[in-house]
Amino acid sequence: MKNEKLQQILKSALEDIAASQTSEDIANCRNKYLAKKSELSGMSSLIGTLPPEERKDFGAEVFQTKSEITRLIEEKSKELQNKELEAKLAKETIDISLPGRELNPGSRNPFYIVKDEMIDIFLGMGFEVADGPEVETDKFNFELLNIPQDHPARDMQDTFYINDTELLRTHTSPVQAHTMEKAAGKPIRIICPGKTYRRDDDDATHSHQFAQIEGLVVDKDINIGHLKATLELFAKRMFGEKREIRLRSSYFPFTEPSVEVDITCANCGGKGCNMCKGTGYIEILGGGMVHPNVLKMNGYDPEQYSGFAFGIGIERVAILRYGIDDIRKFYQNDVRFLHQFKKKA
Ligand code: DAH
């Protein structure tokens, strides 16, 4: 090659290409040596200005220089691209030898597991689910249930008062009155699961908020045998076929006669142990025959209609079912507690 200028361009290009470290550097080289405004392009445009005898050689030299630079730039460009790709892949490799992260699916709170089971058992016996407000009036929470103002039975159910006449319901029993009002003299067979409140100091066995399932049947010729059969079936379905129940006479203002219902202790089978305090039985619920005053106040003629009612603490059933030692565990959402109730895969 004779043209000095072309030799200089080639030399400088070789140096720049060799010094290129990144694809950006090589793109700069391409721009510097091959773009329209580059020196080499300037040289190409000179070809036409030369006398014909010089044109061929000079043209060939320009062409050679250009293709040499182009080839080197392409080569280097590929090399750098490969290098960069390798570096990127090395950085992004996934270490497949790492153990995967275990999925940690949640579990249902045992309260809800038991609540749904209880509802299912009663639905299977033909009960329907009724509902009522948690903020109740004094009239429904007490008066329509035969607990007038200043009745001593109110003392056991101190609660959170909204004002003089409204309060957080102390039991699900007011739903009895709401249902009778709506049913307006027709037969009734309902349960009502729901939250209830009392002013209690929380400890292992007391909570200011808890839940009950209320039951109410009103029809002609309902007697205490129906109550007993219903609760016996419930106890056996919930706690096992071997369980027996026992009715003990008790007092509730809205039932007459009133009973407390015990089941035989699962721990000792009825012989007597620590769990049942030596009695062989564990109390699970209260119930009775609907008091004639309650029927009358809520639009039913006690001469024609009779009924039975019961109230079961949901947490109490769950505690017995799973051997839980503290009612507060239902509400604290401690995963160490909750995960014990995971469904087995
Ligand atoms: N309401 C009562 C309580 O919370 C439980 C109860 C007892 C409900 C007897 C009833 C019943 O329906 O007949 O202590």
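Visitor: Which strands each supply at least two residues of the shell around the ligand?
Guide: Strand 8 (281-290) and strand 9 (306-313) each do so, where strands are DSSP runs of E with at least two residues, helices are runs of H or I with at least four, and both are numbered from the N terminus. Before going on, note that this is a predicted model, in which local features need pLDDT of at least 70, side-chain atom pairs count only at pLDDT 80 or more, and totals for chains, interfaces and linings use all residues. Residues are numbered from 1 along each chain as its sequence is written.

Visitor: And which residues are around the ligand?
Guide: They are His171, Ser173, Glu214, Phe252, Thr255, Gly286, Gly287, Gly288, Ala309, Phe310 and Gly311, a residue being near a molecule or strand if its C-beta atom, placed from the backbone, lies within 6 Å of it. This shell divides into three nonpolar, seven polar and one charged, with Ala, Val, Leu, Ile, Met, Phe, Trp, Tyr, Cys and Pro counted as nonpolar, Asp, Glu, Lys and Arg as charged, and the others, Gly among them, as polar.

Visitor: Switching topic, how is the chain divided into domains?
Guide: There is domain 1 (4-91) and domain 2 (110-341), with bounds from an automatic or database domain assignment, and their centres, taken over C-alpha atoms, are separated by 92 Å.

Visitor: At what angle do helix 1 and helix 4 pack?
Guide: Helix 1 (residues 4-19) and helix 4 (residues 52-92) pack at about 0°, and their axes are 10 Å apart; the axes are lines fitted to C-alpha atoms over the stretch in contact, and angles run from 0 to 180 degrees between N-to-C directions. Helix 1 is therefore roughly parallel to helix 4, the word for angles under 35 degrees.

Visitor: What does the contact of helix 1 with helix 4 divide into?
Guide: Its residues divide into 10 nonpolar, one polar and three charged.

Visitor: Where does a cis peptide bond turn up?
Guide: One joins Glu256 and Pro257, with omega about -5°, and Pro257 belongs to strand 7 (residues 255-264).

Visitor: Is Asp150 buried or exposed?
Guide: Asp150, which has a positive phi near 65° and sits in the loop between helix 6 (138-141) and strand 3 (166-168), is exposed because it has 6 other C-beta atoms within 10 Å, the limit for exposed being 12 or fewer, with C-beta atoms placed from the backbone.

Note on methods
Buried ≥ 20, exposed ≤ 12 C-beta atoms within 10 Å, placed from the backbone. Parallel < 35°, antiparallel > 145°, perpendicular 65-115°, else oblique.
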